[in-house]
Amino acid sequence: EQGYKAFYIAIGCQGGRLTGVPGEDAEGVYTAVEFLHAAAEENKFDIGKNVVVVGGGNVAIDAARVSVHCGAEKVAMYCLESREEIAAADDEVEEALEDGASINNGWGPKEIIKDENGKVKAIVFKKCVSVFDDEHRFSPVYDEDDTVTVECDNVILSIGQAIEWGGLLDGTAVELNRNMTAQADTFTFHTGEPDIFVGGDALTGPRFAIDAIAMGKEGAISIHRYVQPHSTLTIGRNPRY
């Protein structure tokens, strides 16, 4: 309505995922995205003295290290994967250990226990027997009887990120995948709506920032060709075109 000819949407995965286990609505349960955002905004965040981080990726490592820097005296990470399978980069893991965090492999959340005031008191983990099936698809298997209860002040859930579209795509022909990423041509980043292009995590799911930057440059070329189909683009030409 204001005369714009094309739109590039790269809003990222700005939401956190919950586990679905009982008790995760307790006070003191945060998603990693929520916690890291708050800690960055406030420069100092009272995360308590005893923190449990659920997850084994680089974001979980960030949450664990920031918890230490926010004053936590004990930070324990619990993840499904073995040390060999863990998703976090080796150097990230080493830095977390150097900061004083511990990493406990082969455990998945079963329940979060609240005190009488609804505050986190502890978290129960169950043993993860295997993470992937024979075709290496994510399909964790647990021993429900092999559990451990870990007392803590706060729990940070770092089991994935979600895209929060809100009403941004209402009335458009843009289609979403099951994981809420947008469907688009992987070469031009063109969606089902003629003037809408998408890129970054909103297209691929969580990846490195440099991947989103690269897609932004390529998306700009696609948009240029869309709005000026008869022009010749010579500066910054993408060799794929």
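Q: How many helices and strands does the secondary structure of the protein come to?
A: This is a predicted model, in which local features need pLDDT of at least 70 and side-chain atom pairs count only at pLDDT 80 or more, while totals for chains, interfaces and linings use all residues. Residues are numbered from 1 along each chain as its sequence is written, and side-chain values use heavy atoms, with hydrogens and water left out. Helices (H or I, at least four residues) and strands (E, at least two) are taken as DSSP runs, numbered from the N terminus. On that basis the secondary structure comes to five helices and 12 strands.

Q: What percentage of the residues in the protein is buried?
A: The C-alpha trace spans about 65 × 45 × 35 Å along its principal axes. The accessible surface, from the Shrake-Rupley method with a 1.4 Å probe and, for residues, with only the protein chains shown counting as cover, comes to about 13500 Å², and 49% of this belongs to carbon and sulfur atoms. A residue is called buried under 20% relative accessible area, exposed over 50%, and partly exposed in between (1.4 Å probe, protein chains only). Of the 241 residues in the protein, the buried share is 39%.

Q: How far apart do the centres of the positive and negative side chains lie?
A: Lys and Arg count as positive and Asp and Glu as negative, whereas His and the chain ends are not counted. Each charge is placed at NZ of Lys, CZ of Arg, CG of Asp or CD of Glu. The protein has 20 positive and 41 negative side chains, and the distance between the centres of the two sets is 4 Å.

Q: Which residues touch the most other members of the largest nonpolar core?
A: A nonpolar core is a set of buried Ala, Val, Leu, Ile, Met, Phe, Trp, Tyr and Cys residues joined through side-chain atoms within 4.5 Å. The largest such core has 25 residues, and the elements that give two or more residues to this core are α1 (32-42), β4 (50-54), α2 (58-69), β5 (74-79) and α3 (90-99). Apart from it lies another core of 16 residues, including W107, V120, I123 and V155. In the largest core, the residues that touch the most other members are F35, F45, I47, V53 and I156.

Q: Is F189 buried or exposed?
A: F189 is placed in the loop between β11 (161-162) and β12 (196-198). Not counting residues up to four places away in sequence, F189 is in contact (heavy atoms within 4.5 Å) with A184, I196, F197, V198, L203, M215, E218 and G219. Because its relative accessibility is 2%, F189 counts as buried.

Q: With which side chain does the side chain of T181 make a polar contact?
A: T181 lies in the loop between β11 and β12, where its relative accessible area of 4% makes T181 buried. Beyond four places in sequence, T181 touches I163, E175, L176, D201, A202, L203, T204 and G205. A polar contact is a pair of N or O atoms within 3.5 Å; within protein, one must be able to donate a hydrogen and the other to accept it, and residues adjacent in sequence count only if both atoms are side-chain atoms. The side chain of T181 makes such a contact, at 2.7 Å, with the side chain of N179.

Q: What is the relative accessible area of H136?
A: H136 lies in the loop between β8 (120-132) and β9 (138-151). Its phi is near 60 degrees, a positive value in a residue other than glycine. H136 is exposed, because its relative accessible area is 57%.

Q: What separates the C-alpha atoms of G55 and I86?
A: G55 is found in the loop between β4 and α2, and G55 is buried, with a relative accessible area of 8%. Residues up to four places away in sequence aside, G55 touches A60, M77, Y78, C79 and S158. G55 and I86 are 31 residues apart along the chain, and their C-alpha atoms are separated by 9.2 Å.

Q: Which residue has its backbone nitrogen 3.1 Å from a polar atom of the side chain of D143?
A: D143 is found in strand β9 and is partly exposed, with a relative accessible area of 32%. Leaving out residues up to four places away in sequence, D143 touches K126, K127 and V129. The backbone nitrogen that lies 3.1 Å from a polar atom of the D143 side chain belongs to D145.
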